[in-house]
Amino acid sequence: MSLRTRLRRIWRIARWEVSLGSTSLDRQTLLAGVALLLLAGGIAGAGLALGVDGLSPTQDIYRVGIDDDSPYYNVVADHAALSPQEPDREKLETGELDLIVAPAGNSGTVSLTVGGDDGEGVVEAGALGQSTVSVAHAPTEKGTAALTSFRAAVQGYNDRLMALEPNRTAAYPVSVRLQYRPQSSPTGARGGGSSETDAGSDDGTDTEGGDGAADDGSDGSNGGSDNDQSTDDDTNDGSTGDANLDVDDERDDPDVDNDDDSLLDGLLSGGNSQGSPAEISPPFPFSSLVLAFVFLVPMNFIIQAYGGTILNERINRRGELLLVAPIQRLDIVAGKTLPYLLAAVVAITGISLGVGGGLLSVAAVLPIALAFLASTFVGAMFARSFKELTFVTVTVSVFLTTYVFVPAIFTNVTPIALISPLTLVVMELQGEAVGLGGYVFATAPFFLGSTILFLLGVGVYREEDMFTQKPVPLKFLDAIDARLRGPKSVAVASALTIPFVFIGELLAIAALYVMPIEITVPLILVTIAAIEEVAKSIHIYAGIESDRFDRSIKTALLLGGLSGLGFFVGEKFTAIAQIVGLPELVLGQATLTPAGVTPATTLALFLGPLVLHTVTAAISALGARKDFRWYLVAMLAATLVHAAYNFAVVSAYV
Amino acid sequence: MSEQGVVERLRARLRSQRLTIAKRELQVLSREKTIVLALVIQLFVAGFSGFLVVGLVSLYDPGSVEGYGIDAAVTGEASDEMLAAMDDSDTLTGTEYDSRAAAFEAFDEGRAQAVFDTALREDRITVTLTAPEGSIETTLVVAESQEALRALERQQRTERAASLEVIPLDLPPDRGGNPYFDFTYTVLLPLLVFLPVFISGSIAVDSITEEVDRGTLELLRVAPVSLTQIVDGKALAMIILAPLQAMTWLALLSLNGVSVANGAWLFLLATAATVVVVAFAIGISLVASDRRSAQLLFSVGVLLLFAAASFLPGSPANTAALLAIDSATASTYAAVVGYLVAAVGAAAVVRWLTGQVDPNEL
């Protein structure tokens, strides 16, 4: 069959899918939708009409006792999280107030017992010099948090006051320019060399660009702002320093340029590097993060509809007609997926245009959309009812959203953030350059993982699986078995589990992170071992259960060995890819995968993981040839061996 | 009528078909192990949020890192003022350097993590702050330096108070309170309370549309029960489930050291929210033509209503936060009562609507 015919068929199925979807949106549903919109609008309108400054989930969470003639009254009243109350010291002790801002006169020392500890009474935070006001907070964590919040509120209030001042010099007596400069480790291994060039010469030896270029950049972007002068050559006596500063001008200025172009810059300017002390901000990409999150919102609706349509095929044998048609299963799935993928692309492109992102944002979010669709597809193939599908959809969106969003928070902190493609979006929105290596590193696991999930799902897109009510684990085994051919495919399957193993281990680390370190480290080592053992043996079990492989000891050992080998190769391949793609990640991966990816300096260290993986996989395979209970026992043993090895390696390194 | 008789009748009613249907719904869910999945999701959310809070706090709150200090190199004409401003800081220690070159040498050798290059220009102090690039410390260094610079700004403003029309207010001292203290209460807790509510509603939609879709509602109707009773039973199962899940998570949070106040009121709030959402879900699934549009309408609708409600005083998320953080006032409790009234109203409206629907046309 020619490719064109296939494409035409896919297209026809896609069009059919779209027409199905649009007829289901009938008049009654539309009316209900409009009614909903009106209701929601009415509620919001009523809130706005009442003059409530809503939208703050922190509204009034701290209660502050303050007289309404206090100079600080407006500070408290204007701040969303603070709610002004009658000042009454008794209430500070009973927990009815968190903070008191009162004239200093009535501040007697108070002592009371809280939680059995003496001397933990109301904490006097001290008098404020300007007026005769003193602050006291409740002896709780909430009390101190309230004080911190109050402090920030006073600061914000002062900033607003000063913004109204006619005398700009007196209102803003300090102007700051923030720049970043690479710093080597505190031991100064590299720092010594570079400091000498800095100190000794004034022609900027370690800079890539000359003074002129850098100054042009800063002048162009900040047009006329008076802070520029500090970077100009004629300002200060020491021209040595200028050479240093220019390095960063180049890096910083494109940033500013891009922000100026962005639509929402005025509302959400993040990573500011110039202005009064209040205006500079730490490199926390808050605004970019919020914008990046917007990309994820439409995915949830798309997968809901997509999961519905796939499961719909499986109810009352509706999909049988398509199955008996002379069309390949892959084409049916492709056709049914295409409209949703296109919808996702349209949504991503639209959002990208709206938030000031570019092609990179679209290219980075596309694999996320694919991952959403792929996992929903597999979920819908396994689910037995719409109820189950709803749980699957929620799970998929919670897991994927967390997995891509949380690392992006640390975009500017550590390169490990690149495990999430959303980090690329944040970087682009901040005007940072992203190399091809970074793009591949961030997106390849998603592309690969999505492909594997789709292949798994297509494997069970057949009559005997679609229209039967098998338990999910059995369906899962069926799906894996459908992909197995000969013993060699076992090795390939093991290697292909790597992206999922990677994701699973990361999630395990993140979830166990909060516990005390003495528990965390052993627990993580065991968990990682367990995840890898499951990945290496589950398909062997699937193959043996479906009688694809015989139950002899010889076969089990062969399969185990092949599986271990495949896993080892896959793991080494990712290790190499990581080192080539992102050199700075070496530290990160050592902490992330303590088992396999340790720096292999000697042959023994290189072969260690290979022996380990084959041996443990063989143990599991031996169990798998009996029954499920034996498989579990064998896998437990394999996990213990693996964990012991992990522990030995880690202890050797620490 | 004797009291005994009332109790007897009540018992008989409770043993009615509604309960049987509710029990069956719960059994189906537990057989599909979807409940387990729901619990895993929430455990995951709770675990990850803990990770996030710890991460954020250690990034931005140096107080949580024991014995952490930043050495700053100060140079230039306004060094004295800058150093004076750093005196208040616990984490930032300033050292004066004679020349810029010496300051940067200290920076490059790692003896200083920040360089404050100061200059006096046109009666202003200009500071060029240099922070390490791309290191885990960067955020912390910038945040702490910003504090020092703001202190400098305050000092300078005070000195120029004569030229100002309004004198800025004095700052209260910093006692190292956790600036992310409210995160757990205003984000995580409402999430854990209302996510089960949302899922319950979604399952209610499935439960009804699926019966219609598969044609099994006909079978159920052969039994001597009315459509209202069927819907009641299905709703009841969902209404029992969500608040219990929410409470489980609040209990886990408490075990984790987050004190959650007003547990009973939170339970009432979660129950009221579940009744409203489930009633809404059932209304939608009776009105909408098929499952797909019903689910879409439901999820978009609930999100819209939730967003719209946040414009109201006493929005659900804020009410939950205020209750849990123990800042509830009379109006907060009134809001909970309001939600309970709304729940009764919604249930009544949907039961009336169910009575109007002709089951044969579904």
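Author: Nine of the nine residues of helix 12 (residues 316-324) of chain B are buried, so helix 12 is largely enclosed by the rest of the structure. A residue is buried if 20 or more other C-beta atoms lie within 10 Å of its own, exposed if 12 or fewer, and partly exposed in between, with C-beta atoms placed from the backbone. Helices are DSSP runs of H or I with at least four residues, strands are runs of E with at least two, and both are numbered from the N terminus.

The model is predicted: local features need pLDDT of at least 70, side-chain atom pairs count only at pLDDT 80 or more, and totals for chains, interfaces and linings use all residues. Residues are numbered from 1 along each chain as its sequence is written, while chains are lettered from A and ligands numbered from 1 in the order in which they are written.

The buried residues of helix 12 of chain B are B:P316, B:A317, B:N318, B:T319, B:A320, B:A321, B:L322, B:L323 and B:A324. They pack against helix 7 (181-214), helix 10, helix 11 and helix 13 (330-356) of chain B. Here two residues are in contact if their C-beta atoms, placed from the backbone, lie within 7 Å. After helix 12 of chain B comes B:D326, which has a positive phi near 70°.

Two of these neighbours also meet each other. Two packed helices are described by the angle between their axes and the distance between the axes. For helix 10 (residues 263-287) and helix 11 (residues 291-309) of chain B, the axes come within 9 Å and cross at roughly 145°. Axes are lines fitted to C-alpha atoms, for helices over the stretch in contact, and angles run from 0 to 180 degrees between N-to-C directions. Helix 10 of chain B contributes B:V277, B:F280, B:A281, B:I284 and B:S285 to the contact, and helix 11 of chain B contributes B:A294, B:L297, B:F298, B:G301 and B:V302. By class, this contact of helix 10 with helix 11 of chain B has eight nonpolar, two polar and no charged residues. Ala, Val, Leu, Ile, Met, Phe, Trp, Tyr, Cys and Pro count as nonpolar, Asp, Glu, Lys and Arg as charged, and the others, Gly among them, as polar.

For the other chain, chain A has 26 helices and seven strands. Of its 654 residues, 45% count as buried.
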